[in-house]
Amino acid sequence: MGIISKDISKAVALLNEDLVVAIPTETVYGLAGNIYSEKAVKAIFETKKRPFYNPLIVHIPSTENLESIVSHVPEKARQLANAFWPGPLTLVLPKQEHIPDLITAGKDTVAVRVPNHPTTLQLLSQLPFPLAAPSANPFSSISPTTAQHVESYFQHKIKMVLDGGPCKNGIESTIIGFENDAPIIYRLGSIALEDIEAVVGNIPIKNKSETPEGNKTKSHPEAPGMLDKHYAPATMTILSNNISEDLKKYYGKRIGVITFQNSIENSRILHQILLSKTGNMAEATSKLYDALHQLDSLNLDIIIAEIFPDYGLGKSINDRLKRAAHDS
C-alpha cells in the first residue's frame, strides 16, 4: 500500500504525533513537521539528509499569524505580505524568542510564509502549531512537484504524502530579507523580480543570490535555498545558449534536452522536453522540475538545458538551472 493519501484528518493526526508528513504547496511539495517538536524537526533534517546549518521555512495559515512568529515587521515587509500572501513569498524577519534555534540554524531571524494551496491551508487551520516544511526531497536533489515524486524519494521513510495534485507554480518561493528595513532578495523564485519591485517602489532590491557573497556562505547561509549546489539531477546537466552546437561535443552519448519553446531537430537527441510551445514563462516554470525528473529517470549520459531569457520568471529558471548544473 502506498503512502499517498488525500486524507487531511490523517495528516493532522500524524503531525500531532510529532511525525513528518509531505504536504502540497503551490511551489513544491514540502516535508512538514511541528516547529515546536524537536523530534519532528530533527526527523525533517535526517530524512532529507539536510545539514542543520541550513534554516527551514515556517508555514502559517494567514498573515494574522505573522506576529506570533516574528518580533518586527518592516513596512516594506507588510506591503509585500499584503500583496503576495497567500503565495510564493517567504519573508526573513527577526524571530520571536520562542521560535526554536533548530528551525533557524541558530540565527535571530526566521523565514516564514503563507502558502497558497487549499489543501495545506485547510491542514494548517486544523493544527495548533505552524509547520516547518522544506522541499520534500533528499538534500540537493530535484524538488518534487507531484506526490509521486515524493513517494519515489522516500517510500518507507515517511508515513504519508498528502496529495494535492501537481504544484501550480513549480519552483520554490521567492525569499526576501531586510537590512535596515530595506528588502534584499535572498532567493529568486515563483514571484518575478519585476513584480516585487512594483510593490516596494524605488527602494533598491539587492539580489543576494547573484552576488559573490550570496552563495559563498556554504556553511552559514542567511536564508533557506541559498546554497549554490541545489535542485540537481543525478545525471550530469549542462546549460547551453546554443544546443545544436553543444550536441557536437557529445558524440555517442545518450542525451536529453530541455528547451523553452522551440524544438530542436537532431538525431543525437534521445529525448526532448519542450516546456511551453506558446513561450509562456509561467507554464515553463511549472513544468521545469517535472522535466528534470523525467530526464533523470532515463539513464542518460547528459542533460542539456537551454538558458532562458533573463527577465521575469526566466531569471528564476536560470537560477535553478545554474545550481542544477553546478560543478557538472
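Ile-255, Val-257 and Thr-259 point one way from strand 13, Gly-256 and Ile-258 point the other way, and all are buried (under 20% relative accessible area, with exposed over 50% and partly exposed in between, for a 1.4 Å probe and protein chains only). Strands here are DSSP runs of E of at least two residues, numbered from the N terminus. The model is predicted, so local features need pLDDT of at least 70 and side-chain atom pairs count only at pLDDT 80 or more, whereas totals for chains, interfaces and linings use all residues. Residues are numbered from 1 along each chain as its sequence is written, and side-chain values use heavy atoms, with hydrogens and water left out.

The mean pLDDT (the predictor's confidence in each residue, from 0 to 100) of the protein chain is 92, and 90% of its residues reach 70 or more. Over residues 207–217 the pLDDT is below 50, and this stretch has 27 contacts in the model beyond near neighbours in sequence (contact means heavy atoms within 4.5 Å). Where pLDDT is low, the predicted coordinates should not be read in detail.

Two strands pair if DSSP finds at least two bridges between them. Strand 13 runs parallel to strand 14 (residues 269–274), to which 5 bridges join it, and Ile-258 stands opposite Ile-273 in strand 14. Strand 13 is also joined by 4 bridges to strand 15 (residues 302–306), again in parallel. In this pairing Ile-255 stands opposite Ile-302.

In an unreviewed UniProt entry, the annotation "binding site" covers Thr-27, Arg-113, Ala-133 and Ser-173. These residues span 147 residues in sequence, yet no two of their C-alpha atoms are more than 12.0 Å apart, so they gather at one spot. UniProt annotations may be inferred rather than shown by experiment.

Thr-27 lies in the loop between strand 2 (21–23) and strand 3 (30–34) and counts as buried at 4% relative accessibility. Not counting residues up to four places away in sequence, Thr-27 touches residues including Arg-113, Cys-167 and Ser-173. The side chains of Thr-27 and Thr-25 are joined by a polar contact of 2.8 Å (a pair of N or O atoms within 3.5 Å; within protein, one must be able to donate a hydrogen and the other to accept it, and residues adjacent in sequence count only if both atoms are side-chain atoms).

Ser-173 is placed in the loop between strand 8 (161–162) and strand 9 (174–179). Ser-173 is buried, with a relative accessible area of 2%. A polar contact of 2.8 Å joins its side chain to that of Thr-90.
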